[in-house]
Structure formats: structure tokens, C-alpha cells
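Biologist: I am new to this one, and I would like to understand the words you use for it. Could you show it to me and let me ask about them?

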Amino acid sequence: MTEVRPTAAASASLWERDAEVDDVVRAIEALGADSSSSGSLLVIRGEAGFGKTALLAETRRIAERRGCTVWSARGGQTLRSVPFNVVRQLLQPALVSLMPEEAREYLGDWYDIAGPALGLTEPGERQADPQGVTEGLVAAVRRLARREWPLVLLIDDAHWADQETLRWLAAFAARLDDLSVLVVVARRPGEVSGESARLLDAVAATAGGPATTLSALTPQGTAGLTRATLGEHADAPFCREVWAVTDGNPYETVELLAKVRDSGLEPTESAAGELRALNRAARGGGLVARLEELGIDATRFAWAAAILGTGISVDLVAKLATLSRGEAVRCAELLRSARILTSPDPANAQADGGDLEFVHPLIATAVYESIPPALCTAMHGIAAQIVTDSGRGAAVASRHLLQVHPDDDEELVEQLREAARDHLAVGAPDAARRCLERALLEPPRPEVHAHVLYELGCATLLTAPATTIDHLQTALAMPGLDGAERVDAVFRLSQALLHNDQLEEAVRTVETEAARHEPGPTRMRLQAVQYMWEGIHAGETTSPGRSERLAELARTCAGRDNSERALLIMRGFDAMTHGENAEEIVEACDRALVNGRLAPGLGWTDDEWGLELPLMLASSYAYTDRLDRAESLFSEALRAYDSAGWGGGHLALAHAYVGLGHRRRGRLQEAETSLRESLRIAERVGRGLPLYWSATCNLVDTLLARGHVDEAWAIAEQYGFAPPYPSTIVLPDPRSVRGRLLLAVGRGKEGVNELEAAEKAAAARGHHNPVVVPWAVDLARALAVDDPGRAARLATDARRHAERFGTDTAIGEALRCAAALETGQRAVRLAAQAVAYLEASPCQYEHAAARVEYGILSRSASELNRGLALARSCGADGLAAQASAALEAGPGPR
């Protein structure tokens, strides 16, 4: 039988890995061939001991021989709770080579966002947005990678990587198309669940091919390895027994053969019976027994090293194991000789100051799991104190604090709260949540308990609204939260209820709290929040007389503080959706500004009120034809979120509303670009959320305006733009936009039904603004042939509402609809009036459409040419084609 041998350069751990090494060689050769080629990803899966680490080490050797830069990192079983641990390891070689000013130059605008997560700079006071930090890390690695081409990134034991690193890795791997980098990820199958498993699956999905799955050694391979290690005289029965007792596990085989060689055992059939005992000594309980044979001091040293997990130095272990320096040095040498600890590979050294590491992760796991539970807990507590005393901060110590047994320790609670604040500041809310949940187990003192629950609710607001609701409701039911902190907790609870699609309960929550307070600033703020949530509710129920009460309250407001400014903004938005006089709407909105700008505390990144208020303000300007002011606010939002590194839902909404501004202005191509970017970001955040609807609805509306009907339909189908609709208001009204889409694709009856549903929903809420909820003009056109009487009534109502609202756009659009229902000179006169109004409007697409329709009705080539020029400048391809066709047909009767 032929024995399968490795290549000449391969180590014993790479036996029967020729095909996998060949894959690595091909990937590295492709990387080095062209700096403009796409990046690639290799995923290596294998059970513990199957040679993943050895294959990565061989990858490093091959890459370095070919002139590549190699950065590497490894996950750790006891380090999964340390945020950004693995990505920090990975980038350490690049970061230590840069002076601070060089790092700032290379990372640019991302320095202040990604820098705290990488340990380059202190975090700011504001809670960092996790998605923004992820984007910053992606940008940081991409910039550094361009400097270091050809670059190979190696990540070992990815199943033990922290969740923050996995989130970065999934985002980075998805963008390798335009970056020439080779990423090699090694992991065990299984081992993780939940979000970490999802992220690892997302990484694997970007590889472009199946993962490399390492298999056990074959009997032939084991025989070849045995004879290469012990000599050609090893007989077949002995070799078969080596394979049988190790199950072909490469690591166990190598370790077993080393013990055979060290023991002087002859590799013959007569000695094969001793292999099982030797194998037991190499792993699990046998390894622990072997460790104990080295003495109690060496055992304590190994335990302390396992507790630390990383940064294992003789001095630090000596403190943790309560050994003298001399005793610790002796123990380290014993453990090196026993192949339990070793010196780190200089090529792969990290900046954690360690001068020791475990020979293999299996050994580290076995040692850690052998520590008696009570002693393990105590040692973690001592480790936390050592880390704290070294000045490395509560966040670094927190992974040890999480393991300490609850013992009613006030100081521990405060340390965990401090660690949570540090984690939030660098964009690691999951790490903060773990710290605060552990603090609750201590438990906190009664006067502190509600504050810890409040902080926990704040930490989970973006990631787990349902959990936040439970924590904040419990906190508010306990004594301890008073004054501004209690009001803020109520506000955040209402936000969580909103995000959890419990808007009516959000309204009741702030309404109940407001009733507890006497008239004054606090009560006014809570009332403002109540009106805000009611104002964005898309359902049919609202408190009776709400708009009247809001209008009455706003009349008393002069914009003296943010509560008054908030009420003025909400009054303006409410009046805008109801289609009240546009001049009065703008006047209320202007009173909410300070020197023409958002007041401090009401900005896009201020969390006291949230982003809903500035969105309401900007939307009110957008639909009252004050597009300069609206676009200025939308652009300010985009700059603010980019600058703050808020790359999740906030940034998606900013792009959506920038797109809305372009759409209102008539810059359809620019609108489409912004809205597609919004949808791309929203897709990462999660479907079904209001921000997702904003992106999808506006993109469909823009594509319809461009005349790209098939594309609009494809977007609607792909992204679920169909009932049921969200519980919050989306601008423009999604029912109206979907109704128009159905009509455009020839599904007339469904389109009419959808527009009638829009009519019913708008009537229930009193939303009569024909620009925001444009169902009437589309329904009138759709019914013109089959039910002209109803169509005429709808057009008349639309014109009445438009004239009440009073903007040029609203009146012009109503006149366009009226002209479409008429014939002869009356149609021409109405179309001419529509042109006059829309020429004065800032909405150039609507102006272009009116010009083309007037040109067709009046048979005017000059009007058609003007409409054609406007349509082309807007990017309205369908409208331009319509104008061109009319021009080609000539002035004859049509």
C-alpha cells in the first residue's frame, strides 16, 4: 500500500495537506501578480487538532518567501468577551510602525471613529455607533492594506474571535472585490451560535467557493508520518495502532509520536499495546495528570497562564500565582520542557507584552478547564485587580470581573459600570451589556439598582429594543431614578417601544409620566415627546383633538428652550401633513431655529430628543417648497453622521432624505444614487424598519419619475415594498406610491384598490396634503374613463386642498390633474396655469412634466422643446422620450 507523504518543505503537522497547500500557493501567486486584482478569501474548517494552525503557519512562510506582508491574529477561548481583541492583534504590526501623526494621516476622517476601538486614541464622550465603528475599521484596514501590498491577513481560531471583530470581518470580506488582499480564516465547525455563528457564516459566504475542510489522517498517511518520525523500521501493526488510538487526529498523532520517541519505545507490534496509555497522557485528563507530576508550583503557573490567556509574561504570572520571580522562571522552563508552554514565534509576536504562549489551543483549553471552579473564580478576581493596578483600565479588567462570583461587592458594581461606559464609548454595546448584567447579579445597593438597570437599558437600545423595554420599565418602577435622569429613562423607554413597533404604548408611557409633573419645563418636554410619537404614527387612532391642543400649546411658545422649539417643530410638521397654510407652517418652523440653525441639543447627533425632530423640521421645509432650507438640513445630517461615525440606521436615513431632497428638486439621477446607498445601508440594519421603508419608497417613486417602470417594480419585489405598511409615517405616503406603481405596470384594478386604501388611511388621520399623500391625483386619472364623475370630484377636492396649502407645487400638480381630465381649450388653459405655477416652484421634474403636457395639448413645438430640455436635465428618461415622440409626430391633430 502506497504511503502518502507531504512535500519536502512540509512539517509533520502538514502530512496529507498537499492539496490545501497548493490552494494557498495559488491564492498567494494570484495576489502577487497584480496590485489591482480583486482580493480573495480562504476559509479553512477543521476539528481541533486537524492542523489549521500548522496550515496558517505554512501560509505565512510561503507568503513571506514571495515578498508578502503578513499580519496575523488568533481568537482565544477565554478572550471572547474582549471587544476588538482579534482585530487589534491583526493590525498591531502596522499600528506600532506608525507615529501618531502618521496614523492620523493614514486613517483620515476615520481616525477618531476607529482609533478608540484600536487603542490608538481615547474615546470621546459620546456613545459610539457600533455600525460606524465597523465601517471605520473597514476603512482603516483598506487604507493600510493599500500601503502594504501584497498583504496577507491570517485569522486563526475565528470561532473564538470576539463578536466586534467578527462584525468587522464580515463587512471587510464583503468588500474584497476592489482591494487586493488575501484573507485566510481558520475555524472549527460548530463551537459558536447566535450572532457570532451568523457572522462567521456571512464571512464564509463571501469566499466565492466552498470552505476547505480538513480531514483526519488516513491509515496510509499515519503510517508514513510514523515512519518519517520514528524510522522506516516501524512495522505495520504498530502504525495501524497509532492511527487507531488517535483517530487520525494530526495533532494527537504528532504528540503521540514525540512521546514514543522520548520514551525510547520500539515501534513494533509487541509495543503497540502501550500507545493508548501514552496517548491519554498527551491530552485531556492525561495532560492534567502530567502537569501535576511537574509539581504544584508548575501547576499554579500553568493555571495562571490559562487565566490570563494573552500577554503571558513570567512577571505577571508570578503575581497571579503568588510565586517568587525565581520560582516562576523555574516553572516556565519546566512547562517549556513538557511541551505545554513555548516562546511566541517572533514573526507573529503581539504587542501585549507576553513572552510565553501555550503550545496548542487544545492544551490551553485542557489546562483552563482543569482549574477547580472556586479557585478559577478567585484567580479571575486577582487577575482583575492586577490589571486594574497596572493602569490598563476597567474595560480591560472586565473580562476577569465577569467571572467573579457574586458577593454583594459595591466596588465591583462600580468597576463594571465604569467598564460598560468604556465599552460603549468605543462602540461595543454587547460588551457593555455583559458588564451591566453581571453587575445586577452582585447585586447593586438598592439606591443604585435602578441606575444600573437604566444604564443597561441605554446600552441595549440600539441592539435589543424588547430587552431595553423590560430593563427600563423595571428601573422606573423602583426608587432611585429622579429628576432629569428619570425623564430621560421615560424618553428612552418610549423610543424602545417605538422601535419595537409598540407606538401606542410609547404614547401612553410619556402621557402617564407627564401627568405626574406640575406645569413647567419637564412636563412640557414630556408632552412634546407624546405629540412627537403621535405625529409620526401612521395608524388610524390618535387622541381626540390632538392637533387642536398642539396648535394651542404651540401658540404659547416663543422658542425660549428646546421643549418649546420641539413643540413648534411638531406643530409645523402636523400642520404640513394636514395640509394647512404653508406660510404658517414655515413661520412655526422658523421660530424653532436659533439664528437660522438647529439649536444645541436638537442637532442630528444629540440624543436628548433624537433624530425625529430635525427630520420633521426638514420634511416640513421640503414639502412647503423651502427646498434650500430642507436640503441644507439633510446635508448637515449626512455630514454629522459621517463625522460621528454613525454608519447604521442614522446614516441610512440621512442618505434617504438627501435623496428625497434631490427628488423634490428634480435631480432624479442624484436622488437615485443617494437612495440606493440608503437602501444598501438599511439592508445591513434590518428589513421592516421605518428607515428601510423610507429608502425603498423614495427609490420606487424616483424610478417611476425617471420612467424606469420595470426597475421600480423589480425594486418593489426585491425589497418587499407591499402591505403590511409600517406603523410610522413614511414620506411620501407608501400606499400612494405603490398605487401609482401598480397603475404603471398595468395592474389597474389593484392600483385603484391601493389608492382607495390610501384615501381611507389619509382621511382617518386627517392627512390632506396632496403633495405628501398624492393618492387623489393618481386615482382621478385612473378613473377618468370608467368613472369620470368621481374623477372630477377627486380633482376638485385635490385642487381645494392644494389651494388651502398654498404652495406653487401643490396647486400646479392639482391643475395638471384637472387638465388631464378635460379636453379642448379648457384643458389647454388649465395646463397653461399648471405651467405658470410649476415654473415658480423649485420642483423641476413636475415643471418639466407640465411643460410636456402643455406642449402636447397646445401642439406647441417650442413648449415641447422646453419640456424636453427640462426632462433631460432632470434625468427623466420616460418624460424625455414622450416629448421627443410628440415632436417627431409634428403639430397635426392627436
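Modeller: Here is a set of questions and answers about the terms and the values behind them.

Modeller: First, this is a predicted model, in which local features need pLDDT of at least 70 and side-chain atom pairs count only at pLDDT 80 or more, while totals for chains, interfaces and linings use all residues. Residues are numbered from 1 along each chain as its sequence is written, and side-chain values use heavy atoms, with hydrogens and water left out.

Biologist: Thanks! What makes up the secondary structure of the protein chain?

Modeller: The protein chain has 44 helices and 7 strands. Helices (H or I, at least four residues) and strands (E, at least two) are DSSP runs, numbered from the N terminus. The C-alpha trace spans about 110 × 70 × 50 Å along its principal axes.

Biologist: Why is Ser-736 called buried?

Modeller: Buried means under 20% relative accessible area, exposed over 50%, and partly exposed in between (1.4 Å probe, protein chains only). Ser-736 has 0% relative accessibility, so it counts as buried. This serine lies in helix H36, residues 734–744. Across the protein chain, buried residues make up 56% of the 894 residues.

Biologist: Which residues is Ser-736 in contact with, leaving aside its neighbours within four places in sequence?

Modeller: They are Leu-755, Ala-758, Val-773, Pro-774 and Trp-775. Contact here means heavy atoms within 4.5 Å. For the protein chain, 67% of the contacts with a separation of 6 or more are between residues 24 or more positions apart.

Biologist: What makes the pair Ser-736 and Asp-733 a polar contact?

Modeller: A polar contact is a pair of N or O atoms within 3.5 Å; within protein, one must be able to donate a hydrogen and the other to accept it, and residues adjacent in sequence count only if both atoms are side-chain atoms. The side chains of Ser-736 and Asp-733 make such a contact at 2.6 Å. Another case is Gln-89, where a polar atom of the side chain lies 2.9 Å from the backbone oxygen of Arg-74. Gln-89 lies in helix H3, residues 85–96, and its relative accessible area is 14%, so Gln-89 is buried.

Biologist: Why is H6 described as largely enclosed by the rest of the structure?

Modeller: Of its 19 residues, 16 are buried, so H6 is largely enclosed.

Biologist: What covers the buried residues of H23?

Modeller: The cover includes helix H22 (446–459) and helix H24 (483–499). The buried residues of H23 are Pro-465, Thr-468, Ile-469, His-471, Leu-472, Ala-475 and Leu-476. As background, an α-helix has 3.6 residues a turn, so residues three or four places apart point the same way.

Biologist: Is Thr-322 buried or exposed?

Modeller: Thr-322 has a relative accessible area of 59%, so it is exposed. Thr-322 sits in the loop between helix H15 (314–321) and helix H16 (325–337), and has a positive phi of about 50° although it is not a glycine. Glu-16 also has a positive phi, of about 60°, without being a glycine. With a relative accessible area of 16%, Glu-16 is buried; its place is in the segment before helix H1 (18–33).

Biologist: Why is Leu-526 called buried?

Modeller: Its relative accessibility is 2%, so Leu-526 counts as buried. Leu-526 lies in helix H26, residues 521–535.
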